[in-house]
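User: I am new to this structure and would like to learn how to read it. Please take me through it one feature at a time.

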Amino acid sequence: MIVKLERLEVQSHKDMEMIDITPDVDRVVSESGLQDGMVMAMTAHTSAGVLVTEGIECLERDVLAHLERLAPKDPPQGTYGYWHNRYLDYDGRLGFNAGDHLKSILGGVNCMFPVENGKVVRGSRQRIYFVEYDGPLARTVFIQVFGEGR
Amino acid sequence: MQPLGIDFHTHPVLVREMIARHPDLARTARETFYIGNNFQPLETFHLELDAAGLEQAVVLPIDATTALGATIYTNRQISELCSMSPRLIGFASVDPHQPDAAETLADAIANLGLRGLKLSPATQRFFADDTSVYPVYETARRLGIPILFHAGMSWEPGSRLQYGQPLRFENVAADFPDLQIVLAHLAWPWVTEAVALALKYPNVHLDTAALYFDNPQDFLRYSMTEALPLTVFERSLRRQILFGSNYPRVEIKNMARALRSLGFSDECLTLIFRGNARRLLEARRPGLLENEPPERKVLEGV
């Protein structure tokens, strides 16, 4: 039985950005010695996400634009004003990124794939993305493998 | 589209490379500066400037040795950080309670390549109009460097709001008319008083690093277009307002976006983001060569 955890650092370069981490997940599996089992990727953050979609730039734009529509950084004043816009003493600053936390919830924070014969089993169009909603920041993604070794 | 600009108010407390060199800075960030965000590589600072459309940032230390037994970066550490990045402009800080504060300032400007002075009465526990600090102001005046004062409210536990009242800076502005003073954070909640000072004293400037409730956009809209009309800043104080973010308490991108949303003219935004900062930073007296003994220059009134 193999259980290994890698903390992958991802440097985002923009306020909102989709970063393809599929090669990193494949590498972790390859280096782990896992033969058959599962691999899980999960963001360590609450204003970022991990999701799976087709790996094309137009779709990346649509995903970010749609999440921004659903949970805008600057919502209309009034009914949809964010309660999170207040001083957070444990952080020494105001929290005013509720929209980015909500995007993280909507888009999801993790994904899981089967591993067979030492390879990640993905659909032909599927790519694994780390999604930045409040960058640029150096972020962490947990990648854990578990299953039978070679 | 405005030309690239300068963030006049940042604190480099989260920079990983500096924490690797000086591990105590990690504790300082948490226990003295009270910031809970994750430590970040210097690259994130650069990318944050990129995201805001800016090219440079002033990085600020605070010497609170007497008041708190701590420095939030020493002058030497600020200089070390600036040597890693041409995009960072270092300011010095001195402990105003120390009798050699003026000499310390002169040394930092002459030998460490620093470009201004940061003082935080709320953190350092002194009143800006205490005449015992006047030798520091006189040295800054002679050197031609600006002083950035924390003004207005401080969240800091143990501190008192009274240190930040704008009227405590009036004597300094009046007694040192050639000294360029920046009152940070719009001196909130006393924005009207700070604006009054700036209207009366052309050597008083205000930075925009203000966020005490809601979000940057709503807060600046209230403070700069509702509590007071935008025209006061646009017409009367256009040469006395500087863009500041207070990063990392507020992301530079968010504060820049908020300021650009208020309705200032492009000409005014260019002054706020760049022109006014450049003028203050370039006023440093010529003849101040690196590594030249500062005492002689000060004595000669350079």
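Analyst: Two residues are in contact if their C-beta atoms, placed from the backbone, lie within 7 Å. This is a predicted model, in which local features need pLDDT of at least 70 and side-chain atom pairs count only at pLDDT 80 or more, while totals for chains, interfaces and linings use all residues. Residues are numbered from 1 along each chain as its sequence is written, and chains are lettered from A in the order in which they are written.

User: What is chain B built from?

Analyst: Chain B has 15 helices and 10 strands. Its radius of gyration, taken over C-alpha atoms, is compared with the globule rule, 2.2 Å times the number of residues to the power 0.38. For chain B the value is 18 Å, close to the 19 Å that the rule gives for 302 residues, so chain B is as compact as a globular protein of that length.

User: How do I read a sheet?

Analyst: Strands of a sheet pair through backbone hydrogen bonds, either parallel or antiparallel. Here two strands pair if DSSP finds at least two bridges between them. In chain B, five strands form an open sheet in the order E6-E7-E8-E9-E10, with parallel pairing. Strand E6 (117-119) and strand E10 (241-242) of chain B are at the edges with a single partner strand each, so one side of each has no neighbour in the sheet. Inside the sheet, three bridges join strand E7 (147-149) of chain B to strand E8 (181-183) of chain B. One residue pair to look at is B:Leu148 with its bridge partner B:Val182.

User: Where does helix H14 of chain B bend?

Analyst: The bend at a residue is the angle between axes fitted to the seven residues ending there and the seven starting there. H14(B) bends by about 50 degrees at B:Ile272. A residue is buried if 20 or more other C-beta atoms lie within 10 Å of its own, exposed if 12 or fewer, and partly exposed in between. B:Ile272 is among the buried residues of H14(B), which also include B:Phe273 and B:Arg274. The cover over the buried residues of H14(B) includes strand E1 (5-10) and helix H13 (252-260) of chain B.

Note on methods:
Helix = DSSP H or I, 4+ residues; strand = E, 2+ residues; numbered from the N terminus.
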